[in-house]
Amino acid sequence: MQFQQLQYFVAVAETRHFTRAAELVHVAQPSLSQQIKALERELGADLFRRARGNITLTDAGEALLPLARRILADADTARHEVQEVAQLRSGRVRLGATPSLCTGLLPDVLRAFHDRYPGVRLLIEEGGSHDLVRELARGALDLALVVLPLPTPSPALTTVELLREDLVVVSSPDAPRPGRGLRAVRIADLEGERLVMFRHGYDLRELTVAACRAEGFEPEFAVEGGEMDAVLGFVRAGLGVAVVPRMVAARSGHGLRVTPLARPGLHRTIALAHRSDVAPPRAARELQRMLLER
């Protein structure tokens with residue numbers, strides 16, 4: 001009994017028509033009929049009653065049908081499981097993240113993932129949440145770390161909250177302490193401070209500017225338009241202060257003074273997002289698990 005014969009048998013049983021069954025399994029109708037006859041000879045029983053325009057199952061066919069379907073389903077499961085294993089040996093993960101998360105959260109997790117699955121290629125795309133959502137929607141990314149709430153909520157995406165991160169103020173140790181030297185500053189204390197500001201489209205820019213305006217003042221920029229590394233470098237050089245995630249400040253603490261924000265402080269919520277209509281590949285799901293369990 002051949003696997004292919006069972007496929008042909010199930011196709012005929014479901015369509016009750018040899019020609020349509022042949023089209024369904026992409027084989028010539030005479031070849032399908034020959035394979036069905038060969039299967040019947042091997043089993044020693046007719047599987048179909050053949051009458052013009054009326055194909056029905058015999059008792060033997062009725063007995064074989066659920067078994068054949070189970071065998072085909074088990075074969076599909078086996079194929080899927082093997083492919084899943086193969087993806088962890090030589091697959092790839094396309095991960096999007098905001099630049100601050102690439103600096104703060106990802107290095108340790110990606111190192112652990114690479115140590116466990118050295119054959120999986122990691123493709124990282126940095127961008128703001130708006131850009132990453134768009135790349136997810138068009139299928140260019142498997143997963144993305146984004147800041148909630150999303151700039152344009154999308155029902156086509158599934159998001160899982162990952163962490164709630166404090167923001168802090170960083171400044172040069174050679175410059176006066178921000179906020180009149182207080183050990184913890186409020187957003188209102190940044191009025192009159194010259195800020196080193198991220199480029200447009202950066203989540204941290206929108207968050208900081210909105211917080212300043214909520215306190216009734218317009219922030220003053222010393223330099224603007226940088227990515228995370230550039231902003232930290234400008235702060236070290238004494239050009240101004242910046243509001244950054246605590247994890248970034250901790251990793252980049254050399255040459256920086258870190259001042260916490262007084263309660264209620266300023267926070268951002270990080271989530272892991274993927275498309276709702278397409279399951280991420282196995283390697284991406286494994287990285288997702290490691291991020292959620294970190």
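Buried residues are those under 20% relative accessible area. The views below show a predicted model.

**View 1. Helix 8 and its buried residues.** Within helix 8, the buried positions are Asp203, Leu204, Arg205, Thr208, Val209, Ala211 and Cys212. The helix comprises twelve residues, 203-214, and at 1.5 Å a residue these should span 16 Å. The end C-alpha atoms lie 17 Å apart, in agreement with that expectation. Gly216 follows helix 8 and has a positive phi, near 95°.

**View 2. Packing of helix 1 against helix 3.** Two packed helices are described by the angle between their axes and the distance between the axes. For helix 1 (residues 3-15) and helix 3 (residues 29-43), the angle is about 105° and the axes are 9 Å apart. Angles of 65 to 115 degrees count as roughly perpendicular, and helix 1 and helix 3 are therefore assigned to that class. Helix 1 contributes Gln5, Tyr8, Phe9 and Val12 to the contact, while helix 3 contributes Leu32, Gln35, Ile36, Ala38, Leu39 and Glu42. By residue class, this contact of helix 1 with helix 3 consists of seven nonpolar, two polar and one charged.

View 3. In helix 6 (residues 106-116), Leu106, Val109, Leu110 and Phe113 are buried. These residues cover an arc of only 95° around the axis, which places them on the same side of helix 6. The elements that cover the buried residues of helix 6 include strand 3 (92-97), strand 4 (121-126) and strand 5 (143-148). Also included in this cover are helix 5 (99-104) and helix 11 (282-293).

View 4. Thr56 belongs to strand 2, which runs over residues 54-57. Its relative accessibility is 23%, so Thr56 counts as partly exposed. Leaving aside neighbours within four places in sequence, the contacts of Thr56 are with Arg16, Leu47, Phe48 and Arg49. Ala13 and Thr56 are separated by 43 residues in sequence, and their C-alpha atoms are 7.6 Å apart in space.

View 5. The buried residues of helix 9 (residues 228-236) are Met228, Val231, Leu232 and Val235. Seen down the axis of helix 9, these buried residues fall within an arc of 95°, so they line one face of the helix.

How values were computed: Residues are numbered from 1 along each chain as its sequence is written. This is a predicted model: local features need pLDDT of at least 70, side-chain atom pairs count only at pLDDT 80 or more; totals for chains, interfaces and linings use all residues. Side-chain values use heavy atoms; hydrogens and water are left out. Helices (H or I, at least four residues) and strands (E, at least two) are DSSP runs, numbered from the N terminus. The expected span of a helix is 1.5 Å times one less than its number of residues. Buried means under 20% relative accessible area, exposed over 50%, partly exposed in between (1.4 Å probe, protein chains only). Axes are lines fitted to C-alpha atoms, for helices over the stretch in contact, and angles run from 0 to 180 degrees between N-to-C directions. Angles under 35 degrees count as roughly parallel, over 145 as roughly antiparallel, 65 to 115 as roughly perpendicular and the rest as oblique. Contact means heavy atoms within 4.5 Å. Ala, Val, Leu, Ile, Met, Phe, Trp, Tyr, Cys and Pro count as nonpolar, Asp, Glu, Lys and Arg as charged, and the others, Gly among them, as polar. The arc is that of the directions from the helix axis to the C-beta atoms.
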